[in-house]
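This report describes a two-chain model in terms of its confidence, contacts and local geometry. Please consult the sequence and the coordinates alongside the text.

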Amino acid sequence: MFPAQPLTPVRWIFIPALQVLLATWLFIIPLRVFGLQLPEPVFAMVPTFAWALIRPSILAPFCLLLLGVAMDIIWGSPLGLWAVALLAPYGAVLAVRNMLVGQQLFIMWVGFAVACGMAELTGVLVTQVLSHGTPHVLGLICQWGVTVALYPLADRLIERFEDADVRFR
Amino acid sequence: MALRDNPFSELRLPLLLGAVAALIIALVSALALLLSDRRETLQIQAYGVTQKVGDQVVAPVSGWISTPPRLVQDGLSAIRQYFFAVSENRRLRAELEQARQWRSTAIALQDSSERYRALLGLKVNPPVAMVSGLAVTDSRGPFANSRLVNVGSEMKIEVGNPVMNENGLVGRVVGVAPGVSRVLLLTDVSSRTPVLIDRTNSRAIMVGDGGPNPRLDYLRGQDPVQENDPVLSSGDGGVMPRGIPVGRAVKGLDGRWRVVLSADAGSIDYVRILLFKDFRQLANLPRLAELSVPPPSMEVAVPEGAGLKPAAEPAVVPVSSAKPVVVPAVVRPVTPGPAASRPAKPQPGTNRPAVQTSVPVERPVAQPSSRPAAEDGDIPH
């Protein structure tokens, strides 16, 4: 358990966004460990899920837009792909926020997995439209799997800030 | 006010509406960005300013970040090599033995190849200049497979240049900025590469899908490919030179033909960027325009069965005013497949007229000394 923190944008939006950007950057280093490449999780799904659950915010969608653009620049994907792929699950989680808040860890983890699946699916649809090709299923499952494994980070962020705004308790 | 009522409940709705409005605006902005992206083209301006600036920031920082792990990896590799020196020595000796055998074969093949070239008057690709670079980032997700290389426009790298490592083709350059180039790997979902199956000379398009083994689409002919057939770049379309090793064909679990990439045999850290230009760009166009092509009325048609002319005669049609015209190599690129490129054998028994083409043609075989029109840099494939 973490004590609840005051809800200032710097603490719950900008610092997590910077951490996500740094982690994404670190994982694109061409490094092989025992002949295997590093996985490529979508670290940005952690704040995407957590921000929607902590409270509705005007800043969060724009921060996700910038985060998505930065990820596209770092990864070399079409500009806007990850912005759309992050904003779509953010909107969906925001819509079901009242049902998810306060649930058990397992239910929340399942919700996070569904949100990650939605982001991957959005990416697939965008890629099909832009490149007329469908990404490899195994690659999608791998990325989805390693991203779902990041839920404890999202849980930590939610626990720190979910009670901070009394209007949305 | 009741005790259990939330005093802030009236503030929730405007905040929620504001958040939804912000979400919609952000989503529309993202879609607009997405629609403006045109990286699938080979145009230089398609790689936008945002990506260029971003790459210029990402590449040097990633280079610094990746230096310590690279040094550690090199150190571990050196230690491993030290401990496995004996087995490595044994393996290298065996490889050297095989290489010596191949060397004599290669010398014989080179000799016969040079003789055929001289006989056919064939011009081959000029040597392609290369630039070496270090890959500083590696994105390998399902939606993007690309690398940033620490050399850019200052080394005359251009969009479309092919990229190789020591084992084979890696991809092509899709974006260039000073000091950095982005290389789209063959496995990227938007990558399309024209290839040929070396054994049958069959053409195909190798389509990336984000997985490790791109698939072969649009295979032509009956039974064009077999397991472990070598796959080379075909050079069709003029983006890449012909004959760069790409990999070998395998049957995928989904029943489709796929390619195990040669480049994956080693790490893709140091790469070579080929400063290759399409042969049409290299053609000496002013000189080609100077050619005096005779009008169609000058065509000489020999009536069917008018006389038995030995086909072995030079296939030259005398034209009164113009000097003999050689078909430029650009117009008739050589496709050196085993069946297609073989010259027609003389058949003295047939009564086929010696020339039936509409454009008078002097074959290089007839007069090897005739100088092709596009000699200054024109390259057929």
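B:K156 counts as partly exposed because it has 13 C-beta neighbours inside 10 Å; a residue is buried if 20 or more other C-beta atoms lie within 10 Å of its own, exposed if 12 or fewer, and partly exposed in between, with C-beta atoms placed from the backbone. B:K156 belongs to the loop between strand 2 (145-149) and strand 3 (162-164) of chain B, and its phi is near 65°, a positive value in a residue other than glycine. Helices (H or I, at least four residues) and strands (E, at least two) are DSSP runs, numbered from the N terminus.

B:Y218 also has a positive phi, of about 55°, although it is not a glycine. This residue lies in the loop between strand 8 (215-217) and strand 9 (230-233) of chain B. B:Y218 counts as exposed, because 11 C-beta neighbours are found inside 10 Å.

## Basis and confidence

The model is predicted: local features need pLDDT of at least 70, side-chain atom pairs count only at pLDDT 80 or more, and totals for chains, interfaces and linings use all residues. Residues are numbered from 1 along each chain as its sequence is written, while chains are lettered from A and ligands numbered from 1 in the order in which they are written.

The pLDDT is the predictor's confidence in each residue, from 0 to 100. Chain A averages 87, and 93% of its residues score at least 70. Within chain A, the lowest confidence is in strand 1 (residues 32-33), with a mean of 73, and the highest is in helix 4 (residues 81-95), at 93. Where pLDDT is low, the predicted coordinates should not be read in detail.

## Strands of chain B

Chain B contains 5 helices and 12 strands. Of its 381 residues, 29% are buried. Among contacts between residues at least 6 apart in sequence, 66% join residues at least 24 apart; two residues are in contact if their C-beta atoms, placed from the backbone, lie within 7 Å.

Strand 6 (residues 192-197) and strand 7 (residues 202-207) of chain B pair in the antiparallel sense over 6 bridges, where pairing requires that DSSP finds at least two bridges between two strands. In this pairing B:R192 stands opposite B:V207. The two strands form a hairpin with 4 residues between them, and B:N201 in the turn has a positive phi of about 65°. Strand 6 of chain B is also joined to strand 9 of chain B, antiparallel, by 3 bridges; there, B:V195 has B:S233 as its bridge partner.

In helix 8 (residues 151-161) of chain A, the buried residues are A:Y151, A:A154, A:L157, A:I158, A:R160 and A:F161. Their cover includes helix 1 (9-26), helix 2 (45-54), helix 6 (105-131) and helix 7 (137-148) of chain A.

A:I13 is found in helix 1 of chain A and counts as buried, with 21 C-beta neighbours inside 10 Å. Leaving aside neighbours within four places in sequence, A:I13 is in contact with A:W51, A:L59, A:A60 and A:C63. A:I13 and A:A50 are 37 residues apart in sequence and 10.0 Å apart in space, C-alpha to C-alpha.

## Contact between the chains

The contact takes 48 residues from chain B and 46 residues from chain A. On the chain B side, the elements giving two or more residues are helix 1 (9-36), helix 2 (49-83) and strand 1 (130-140). Helix 1 of chain B gives the most, with 15 residues.
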